[in-house]
Amino acid sequence: MLTLPRFEWAEPHTLEEALALLSDRPGETLVVAGGTDAVPNLKHRLHEPSRVVHIGRLGELRFMREVRQGLELGPLVTLAELSRDPVVSRDFPSLGKAAALVAGPQLRNMGTLGGNLCLDTRCTYYNQTYFWREALGFCLKKDGVHCHVVPQGRRCVAAHSSDVSPVLISLGAEVEIAGRGGRRRIPIDQFFVADGVHNNVLRPDELVVRVSLPAGSRGLRTGYQKLRPRAAIDFPMLSVAFAARLGREGCEAATLVVSALAAKPKVVAGVEDLLRGKSFDESAIEAVAQAAYRQCRPQTSVPYDPDYRHEMVPVFVRRAMREALGEAA
Amino acid sequence: MVCRLRVNGDLRECAVVPHSTLLEALRYGLGLTGSKQGCDKGDCGACTVAVDGEAVLSCISLALAFHDGPEITTIEGVAERGVPHPLQDALDVTGGAQCGFCTPGILMSAWALLRRNQSPTRAEIAHALSGNLCRCTGYTKIFEAVEMAAGRMRERRAAAAGR
Amino acid sequence: MSRRPTVPGDVGPPRSGVEATLPADSEAVIPPGRMMPSEERLKPPDWPGGRTEAPHRTFTVIGKRNRKVEGLAKVTGQAIYADDIRLPRMLHGKLLRSIHAHARIQSIDASEALALPGVHAVITGRDLPEYYGIIPWTQDEQALCEHKARYVGDAIAAVAADSEWLAEEALRKVRVEYEPLPAVMDIDAALEHPEWKVNEKARDGNLSKHVHLEFGEVEPGLERSDVVVEGEYWYEGSTHTPIEPHCAVADYDPTGFLTLWSSTQVAHYLHRDLSRVLGLPTQRIRVIQPVVGGAFGGKSEPFSLEFCAAKLSMVTGRPVKILYTREEVFYAHRGRHPMRMHYRTGMRRDGTLTAVDAKIHIDGGAYSSFGLVTTYYSGQLLTAPYAMPAYRFDSTRVFTNKPCCGPKRGHGSVQPRFAFECQLDKLAEAIALDPIELRRRNFIGEQTRTVNGLRVTSNGFLECLDAVERASGWGTKFRRLSYGRGVGVAGSMYISGTNYCIYPNEMPQSGVQLKLDRSGRATVFCGASDIGQGSDSILAYIVAEELGLDLRDIRVVAADTDLTPVDLGSYSSRETFMVGNACLDAARKLRLLIAETLAAQWGCGAAEIVLAGGVACSTGDPERRQMSVKEAFQRTEARVGTLGSVGWYQSPKLGGDYRGGTIGASPAYSFTAQVVEVECEVDTGRVEVKKIWIAHDCGRALSPVAVEGQMEGSAYMGFAEALMEEQVFKPAAPHHGPGLHDGPSLLDYRIPTSLDTPELESIIVESVDPEGPYGAKEAGEGPLHPSIPAIANAIYDAVGIRCDRLPFSPPRILSSLRQGDPKRRWEQARSEFFATGATASAAGP
């Protein structure tokens with residue numbers, strides 16, 4: 001069977017210990033919680049850390065709290081817990097749905113919210129064994145210099161493949177990050193950057209310690225749609241998260257996020273302008289779907305026909321919007 | 001390194017390296033070869049074991065993460081005193097195990113399902129097994145087996161309650 | 001043992017004085033024709049009442065829903081598969097694989113790898129230079145490539161080390177210098193560039209095999225037709241994907257004896273090829289097949305790991321295990337060949353076939369494998385269940401720089417069956433006839449011969465068609481469902497074993513030894529290979545039926561070359577038919593002895609003796625004349641001596657009288673019909689198969705549970721090939737060469753989950769074949785064939801597009817839906833169907 005590389009093992013008992021361990025050897029340390037992304041990647045030698053820091057049993061990072069400001073989630077909440085939590089289902093249904101659509105049941109029992117948020121970007125030229133990548137001549141994300149997706153490209157376009165992140169963006173979530181120097185909170189759309197090699201702002205000595213869903217996002221009309229060849233196991237080949245506030249005067253606010261296209265989830269521009277003050281009639285939905293189609297360019301990094309995925313952008317946007325309206329998709 | 005695992009009701013120690021997976025520790029450290037490895041990296045479910053009653057993939061779990069940790073149940077641990085579990089019996093009777101290689105994983109996923117849902121529908125069964133690939137059966141007889149086992153377990157509980 | 005670099009031709013340390021004196025076996029020991037078996041031996045025993053009936057009027061075991069003999073071991077995790085074996089002092093081996101699709105190997109330097117502590121040996125192609133191959137005429141493989149690598153992943157060196165981890169590290173330290181060569185990546189390149197020779201054993205360019213056969217007058221037949229449909233079809237390659245990766249454990253002991261456990265489905269052929277490649281005589285090799293975790297044809301020939309584990313064990317003097325990673329299983333492959341098929345099919349207005357013309361190109365990958373047979377099968381197995389007055393096929397298999405294709409469930413005939421059954425659907429539309437009715441009108445019948453000379457005995461195809469028509473509610477659905485939903489039908493036939501062994505010889509194809517003793521227990525010894533389909537259980541059921549034993553009192557010892565008589569293995573759907581017949585004879589021989597013993601004691605006729613349910617009695621006076629079967633065994637042992645018997649199976653001479661006429665000949669054929677209902681999502685192109693109704697004529701179902709399991713598993717696998725599976729490779733690009741597997745993992749090579757698989761309904765049809773054991777025929781491969789064309793035909797009924805290219809993936813369906821005006825075609829198809837009153841003719845002429 002594929003083996004794991006050699007590494008040292010460290011299991012901190014407190015967050016503080018964990019952060020100390022991370023700052024001890026920055027860049028040579030891999031954080032593992034559920035392990036569902038990290039361990040396959042280790043087996044593929046995509047990470048070769050000298051030390052693995054296992055945070056999976058840090059109780060202080062595993063919580064779900066309803067507070068006045070909204071819902072606070074610890075990064076070690078598992079995807080399974082998220083998918084069957086009654087508060088999440090009631091107030092943030094698209095989040096529960098996205099968590100329920102990750103991979104298969106066992107993986108959701110292991111995988112964590114934090115892990116899914118920090119999921120390494122994926123590419124058909126990257127998520128392969130060392131042997132396969134050697135036969136390829138490696139790629140610029142790991143061990144090589146060329147991009148095989150965009151042969152002239154200088155920047156890695158490996159795809160953001162998390163199911164929960166686009167939804168969290170659509171809900172206006174915030175991420176709290178802790179390092180030895182202290183804590184910072186950022187809106188989640190600022191958490192991601194358009195660099196496939198490392199697609200978030202987390203520094204090597206930092207951890208995500210909290211995800212906050214604002215009270216104002218409770219009861220939004222939401223939808224999440226995922227394109228995948230099989231009804232389980234697969235990563236998204238395309239994902240669409242939509243959230244909107246409907247008032248008496250029609251739409252008051254709306255966010256549309258399309259992902260599994262490139263390193264950063266795409267917040268479709270101009271959606272609010274297209275929808276503000278309107279009810280979601282066919283023409284409004286169509287206008288948003290077409291805007292998304294124009295703005296999104298799927299790459300060959302995701303192992304499914306890119307032209308087809310492009311064609312599916314408006315289809316899945318329509319579905320997500322209709323889902324938000326409570327219509328059967 | 002010594003890894004102390006709670007497996008099938010026992011507290012067992014085995015020698016591991018930091019890069020040992022739970023599957024390797026079970027199979028090679030403890031001789032519990034019932035759990036299988038089929039895909040190397042969490043795609044097929046043949047390595048499924050239950051941790052505190054929930055199905056997880058042991059081939060992408062690190063053994064040391066379970067040191068002095070939760071209760072692990074493997075295929076070897078579901079029979080009681082040598083009497084096959086109703087799921088085991090039902091899989092045998094219905095022909096739900098052909099080559100048998102995915103069976104331990106399927107069985108543990110189904111076992112975890114029946115712990116939290118005594119009367120699963122066909123759709124719920126299919127959902128619970130959707131992380132376990134079977135290449136022989138087309139799943140039909142596996143579904144029948146889980147339904148049969150659930151029925152027997154309900155009868156058994158009803159009989160015990162009525163006694 | 002210390003680290004020990006090897007030298008070419010080194011066969012390991014000398015172990016004893018005797019080993020060099022015996023020659024290795026390279027070919028059949030008895031040249032064909034020189035030692036013909038006697039007529040008497042070839043004649044199957046003549047049992048009163050034939051071999052199709054129960055020993056006493058009704059069956060007590062056969063046809064019942066029994067457990068499998070190894071079932072509880074499997075469901076409790078106690079069954080031992082190859083990777084569950086760990087021997088003391090065992091080393092772990094790994095193979096170094098080519099990073100080029102096509103390259104000359106200039107040098108291999110293993111010194112750095114050998115210098116690693118814990119690395120015990122490195123071997124290369126020079127250590128195992130002997131060529132081998134499953135077909136004696138096309139031996140073109142080496143365990144490790146000596147001169148050239150022919151695909152990305154071709155094995156070129158092997159290491160043995162203390163751990164898998166260390167072996168993997170050592171591989172990275174082996175330095176290989178390659179000279180890359182132009183790579184041939186598809187059929188056209190193979191034909192256009194004979195100078196880019198993939199396989200040096202090919203006589204002509206990149207041609208692996210060419211077959212041209214014509215029966216009857218094809219061109220005149222086509223000219224006389226009222227309608228001729230012409231179509232081109234593409235079948236994408238796919239691979240078996242058993243959940244168990246290949247694994248072998250070798251132990252070469254100090255006496256010079258090799259034991260090899262391997263996840264194989266052909267222990268006997270592996271035994272022979274090990275002898276050939278390792279230079280050890282067969283009597284110094286024991287091959288054991290442990291429980292195998294799925295095969296589907298993917299483990300039906302020897303692989304590099306078996307030779308390398310053995311050689312590394314010989315070199316190091318320690319047991320060696322090699323377990324393939326999932327990625328390596330994709331390189332081992334031997335899966336379904338990509339095929340390009342061009343068909344012209346003629347029909348009269350009354351719906352009868354006139355002539356069929358097929359031109360087929362087959363992408364074989366780098367080696368021959370079973371390719372000679374594949375090439376024949378691509379044509380030979382099309383000639384039933386429909387009568388064809390004239391038939392021609394021209395099939396060409398080529399070599400390409402990709403993993404080698406071979407036999408996958410339904411070997412050779414799944415692709416042409418797809419094309420042909422789609423052709424029939426188009427013909428039915430052209431003459432506005434119900435496609436089930438069209439199939440009925442062309443039914444070839446039973447006890448007949450096909451146009452290419454295949455002997456057909458029993459044939460339950462019409463019952464299969466009736467069954468799926470009824471069960472699916474065909475009459476209320478075909479051309480009647482709303483746009484987006486549809487039904488389709490297809491039929492097929494398949495062989496129950498081939499009538500010859502792969503290497504010519506006059507010995508039985510299957511042998512069984514049966515041991516009974518005074519304990520009341522029976523042990524069946526047979527070389528048959530249970531890969532999950534249940535051949536061990538079939539042996540036990542037959543013995544239980546004949547000798548009146550409880551199934552728990554029978555042990556089956558199978559697929560161990562030291563302990564079991566030869567059976568050729570689990571391929572071509574031969575086990576139930578051939579092993580079953582051998583076992584039936586062995587059991588009946590002992591049953592007869594027991595019956596004679598009891599008859600003498602009770603003064604009655606032997607025909608009156610019944611053995612059932614653990615009791616022996618006489619039908620004349622069952623109350624007084626009865627005893628346990630154990631006592632019956634003891635009395636018989638006292639009368640005739642130690643109890644044991646043998647049975648064997650050898651098929652009658654079959655096949656057409658022409659070159660290649662025996663390929664495709666089988667003692668019996670199974671038949672299948674399927675109806676599929678689909679729903680197509682027009683905005684995404686996604687096809688959901690709602691349900692598959694499968695009716696299969698398996699002769700007699702010795703184990704209905706096993707037969708249904710085979711039917712369901714086959715239909716599932718066909719459905720998977722139809723909708724999602726494809727073994728494809730990345731073309732060359734600016735920064736990398738050609739031939740990288742598109743995604744050699746179970747994440748990227750997508751096989752259906754429990755949520756994707758449709759509802760499957762199996763309907764067993766029993767035609768009772770005169771020559772099968774109790775009338776049984778095959779069930780493991782035939783039922784795969786119709787799934788794919790039935791789905792294609794259902795998609796046409798649903799949305800008016802023809803799916804001539806596999807797989808029917810959403811991108812492909814969507815692009816078809818956007819060409820022309822499928823909805824108009826769809827409307828036209830139904831209006832023509834109803835206008836001509838095709839529905840009224842469902843009763844047939």
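Me: How many residues of helix 8 of chain C are buried?
Reply: The model is predicted: local features need pLDDT of at least 70, side-chain atom pairs count only at pLDDT 80 or more, and totals for chains, interfaces and linings use all residues. Residues are numbered from 1 along each chain as its sequence is written, while chains are lettered from A and ligands numbered from 1 in the order in which they are written. A residue is buried if 20 or more other C-beta atoms, placed from the backbone, lie within 10 Å of its own, exposed if 12 or fewer, and partly exposed in between. Helix 8 of chain C is largely enclosed by the rest of the structure, because the buried count is 13 of the 13.

Me: Which residue just after helix 8 of chain C takes a positive phi?
Reply: Most residues other than glycine have a negative phi. Here the phi is about 70°, and the residue is C:G317.

Me: In what order do the strands of the five-stranded open sheet of chain C stand?
Reply: Two strands pair if DSSP finds at least two bridges between them. Strand 7 (207-215) and strand 8 (227-235) of chain C each have a single partner strand, so they stand at the edges. The pairing is mixed, and the order is 7-15-14-13-8.

Me: What angle does helix 10 of chain C make with strand 7 of chain C?
Reply: Angles run from 0 to 180 degrees between N-to-C directions, with axes fitted to C-alpha atoms, for helices over the stretch in contact. Two residues are in contact if their C-beta atoms, placed from the backbone, lie within 7 Å. Helix 10 (residues 371-380) of chain C packs on the sheet, touching strand 7 among others, at about 30°.

Me: Where does the cis bond from C:A384 to C:P385 lie, and what is the omega?
Reply: Most peptide bonds are trans. C:P385 sits in the loop between helix 10 and strand 15 of chain C. The bond from C:A384 is cis, with omega near 10°.

Me: Which strand of chain C contains C:I763, opposite C:A695?
Reply: Strand 27 (residues 687-697) of chain C has a parallel partner, paired over seven bridges. C:A695 faces C:I763, which belongs to strand 30.

Me: Which helix of chain C gives the most to the side that touches chain B?
Reply: The contact takes 40 residues from chain C and 38 residues from chain B. On the chain C side, the elements giving two or more residues are helix 2 (71-75) and helix 18. The top contributor gives seven residues and is helix 18.

Me: How many charged residues are on the side of chain C that touches chain A?
Reply: Ala, Val, Leu, Ile, Met, Phe, Trp, Tyr, Cys and Pro count as nonpolar, Asp, Glu, Lys and Arg as charged, and the others, Gly among them, as polar. The contact takes 28 residues from chain C and 26 residues from chain A. The chain C side has 14 nonpolar and six polar residues, and the charged number eight.

Me: What is the radius of gyration of chain B?
Reply: Chain B has five helices and five strands. The radius is taken over C-alpha atoms, and the globule rule is 2.2 Å times the number of residues to the power 0.38. The rule gives 15 Å for 163 residues, so chain B is as compact as a globular protein of that length, at 16 Å.

Me: Is A:I233 buried or exposed?
Reply: A:I233 has a positive phi of about 70° although it is not a glycine. The residue lies in the loop between strand 9 (221-227) and strand 10 (238-247) of chain A. With 26 other C-beta atoms within 10 Å, A:I233 is buried.

Note on methods
Helices (H or I, at least four residues) and strands (E, at least two) are DSSP runs, numbered from the N terminus.
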